[in-house]
Amino acid sequence: MPSLTDQNKSSRGKKAALIRLGSYLFRHKGYVALAFLLMLSSNLLALLGPSLSAKAINAINLGAGKVEMETVTTNVILMVAVYAASAVMSYLLAVLLVKLGQKITYTLRKEVTVDMYEDVYAVEGYIRRWDLRIVGESSYAAVNRSFATG
């Protein structure tokens, strides 16, 4: 069983990771807001469908044998339109989330690459500085040698 300190460390690590991911999402706040809006409207439209279906079913009076065809037709057409709009919004949401994921992945890769190259260049500069000197030679002697060979 993990100790209490291990659990605190892991929860702090998770919290830090979520905050860092949130900073990447915040860079693309327009996409996130649009995704939230599409998700909300798509789900609300999908929930509206059963309500329209209930109205169409209630327009059929089984006991009296009368059917209000205008009400049934109107509700069925509205139900099809609502489900179609919900499907289109769900598709747009999926495309938007893929693009958002690609943008965040690109940003992460770019940051890792820049950090990696900065480290490589720093190490190369350090090695290059040491490669210019002969083993055992002091900096003063190396400078004098370079001026002498000029």
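Let's start with a pair of serines: the side chains of S42 and S90 make a polar contact at 2.8 Å. A polar contact here is a pair of N or O atoms within 3.5 Å; within protein, one must be able to donate a hydrogen and the other to accept it, and residues adjacent in sequence count only if both atoms are side-chain atoms. This is a predicted model, in which local features need pLDDT of at least 70 and side-chain atom pairs count only at pLDDT 80 or more, while totals for chains, interfaces and linings use all residues. Residues are numbered from 1 along each chain as its sequence is written, and side-chain values use heavy atoms, with hydrogens and water left out.

S42 belongs to helix α2, residues 29-58. Helices (H or I, at least four residues) and strands (E, at least two) are DSSP runs, numbered from the N terminus. With a relative accessible area of 4%, S42 is buried. That label means under 20% relative accessible area, with exposed meaning over 50% and partly exposed in between (1.4 Å probe, protein chains only). Leaving aside residues up to four places away in sequence, S42 touches S86, M89 and S90; contact means heavy atoms within 4.5 Å.

Now follow helix α2 itself. Its 30 residues reach 44 Å from the first C-alpha to the last, close to the 44 Å expected at 1.5 Å a residue; the expected span is 1.5 Å times one less than the number of residues.

S41 and A85 are 44 residues apart in sequence, yet their C-alpha atoms are 9.4 Å apart in space.

L40 is another member of α2, and at 41% relative accessible area it is partly exposed. Together with F36, M39, L44 and L47, L40 makes a nonpolar surface patch of about 510 Å². Patches are made of residues with over 30% relative accessible area and no salt bridge; like charges are joined within 9 Å, and nonpolar side chains (Val, Leu, Ile, Met, Phe, Trp, Tyr) within 5 Å. Accessible areas come from the Shrake-Rupley method with a 1.4 Å probe, and for residues only the protein chains shown count as cover.

A94 sits in helix α3 and is partly exposed at 41% relative accessibility.

Where is the one salt bridge of the structure? The side chains of R27 and E111 form it, at 2.8 Å from N to O. A salt bridge is a side-chain nitrogen of Lys or Arg within 4 Å of a carboxyl oxygen of Asp or Glu. R27 lies in helix α1 (residues 4-27) and E111 in helix α3 (residues 69-131), so the pair ties together parts that are 84 residues apart in sequence. R27 is partly exposed at 48% relative accessibility, and E111 is partly exposed at 25%.

Finally, step back to the whole protein. Four helices and two strands follow the pattern α-α-β-β-α-α along the sequence. Of its 150 residues, 14% count as buried.
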